[in-house]
Amino acid sequence: MPTPTKGHRLGGSPAHERHILANLATALFQHGRIITTEAKARRLRPVAERLITFAKRGDLHARRHVLTVVTDQGVVHQLFTEIAPEFSERDGGYTRITKIGPRKGDNAAMAVIELVRGEPVAAKPRRRTRRAEARPAAAAAAATATAIAEPEAAPDEAPEAAAPDEAAELDESTEVDDSAEADEADEADDRAEVDDRAEVDDSAEADEADEVDDRAEVDDSAEVDDSAEADDSAEAGASGGAGDAHPGEAKIVDEADAERDQDA
């Protein structure tokens, strides 16, 4: 169900309103312009433009649809054969409303609604088309401005001479930046090499410390073995000296016995 139109209804019922709009549309297509109240003109405009859109299609179904609103076959024929072809190049906006002031008697706002016929169509280009057309125009304007500016700058040779100097300064600054970056890269490489050497030295020192510890342990074990051998030799000497004391005593006893025998 269509949405009801805001505002007061034209007539006493919806059917009466439809008949009023149908009669106004018939009169508009028959005469080309009519004078009515502003409210009726505003309500008639979308109805009349929709009927013109159907008439531009020109097929039988569109004709039958228009005949359900405009019952006069002569007006429908005029709409399809004369009015619709004139709006073939126009996409909407087939009518115009012009206010003419209040009406005498009831002071109702009056207006003239008419068909826009015989006027040139100022079709607005699409957005993409406008952009495509604007780009060459902007390029041409820029080229023109550049061509105008070049002769003005020709007498002044100092700016042109300054331009190469500025370019040379920019090149020198770029080279300085590149050399600074190269120096930083070399320093980073040197630092990495120093770190690698320090790691190698640390590992070599650790290996030497391990070797010293191993040697100290070997020396300690050798000293223990020497002390044990010394103790063993001391014990052996002590035992040997005790054994020699007994044979000496025996010789002394024999010598004493011999002397005794000689005396005797």
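Angles under 35 degrees count as roughly parallel, over 145 as roughly antiparallel, 65 to 115 as roughly perpendicular and the rest as oblique. The model is predicted, with local features requiring pLDDT of at least 70 and side-chain atom pairs pLDDT 80 or more, whereas totals for chains, interfaces and linings use all residues. Residues are numbered from 1 along each chain as its sequence is written, and side-chain values use heavy atoms, without hydrogens and water.

**View 1. Overall layout of the protein.** The secondary structure comprises 6 helices and 3 strands; helices (H or I, at least four residues) and strands (E, at least two) are DSSP runs, numbered from the N terminus. Starting at the N terminus, the elements follow the order α-β-α-α-α-β-β-α-α. Of the 264 residues, 17% are buried, where buried means under 20% relative accessible area, exposed over 50% and partly exposed in between (1.4 Å probe, protein chains only). Among contacts (heavy atoms within 4.5 Å) between residues at least 6 apart in sequence, 54% join residues at least 24 apart.

**View 2. Packing of helix α2 against helix α4.** Helix α2 spans residues 38-57 and helix α4 residues 73-86; their axes lie 9 Å apart at an angle of about 95°. Axes are lines fitted to C-alpha atoms, for helices over the stretch in contact, and angles run from 0 to 180 degrees between N-to-C directions. The two helices α2 and α4 are therefore roughly perpendicular to each other. On the α2 side the contact involves L51, I52, F54, A55 and K56, which meet L79, F80 and A84 of α4. By class, this contact of α2 with α4 has 7 nonpolar residues, no polar ones and 1 charged residue. For this count, Ala, Val, Leu, Ile, Met, Phe, Trp, Tyr, Cys and Pro are nonpolar, Asp, Glu, Lys and Arg are charged, and the others, Gly among them, are polar.

View 3. The 3 strands form an open sheet in the order β1-β3-β2, with antiparallel pairing. β1 (33-37) and β2 (95-102) stand at the edges with a single partner strand each, so one side of each has no neighbour in the sheet. From one strand to the next, the twist averages 25°. Helix α1 (residues 14-31) packs on the sheet and touches β1, β2 and β3, its direction making about 145° with that of β1. Two strands pair if DSSP finds at least two bridges between them. β1 and β3 are joined by 5 bridges, and T36 has A111 in β3 as its bridge partner. The pairing of β2 with β3 runs over 7 bridges, with P102 bridged to A109 in β3.

View 4. E114 belongs to strand β3 (residues 109-115). R96 stands opposite E114. The side chains of E114 and R33 are joined by a polar contact of 3.5 Å; such a contact is a pair of N or O atoms within 3.5 Å, where within protein one must be able to donate a hydrogen and the other to accept it, and residues adjacent in sequence count only if both atoms are side-chain atoms. Neighbours within four places in sequence aside, E114 is in contact with L28, G32, R33, Y94, T95, R96 and T98.

**View 5. The hairpin turn between β2 and β3.** A hairpin is formed by β2 and β3 with 6 residues between them, and G105 in the turn has a positive phi of about 110°. N107 lies in the loop between β2 and β3. Its phi is near 60°, a positive value in a residue other than glycine. With 55% relative accessibility, N107 counts as exposed.
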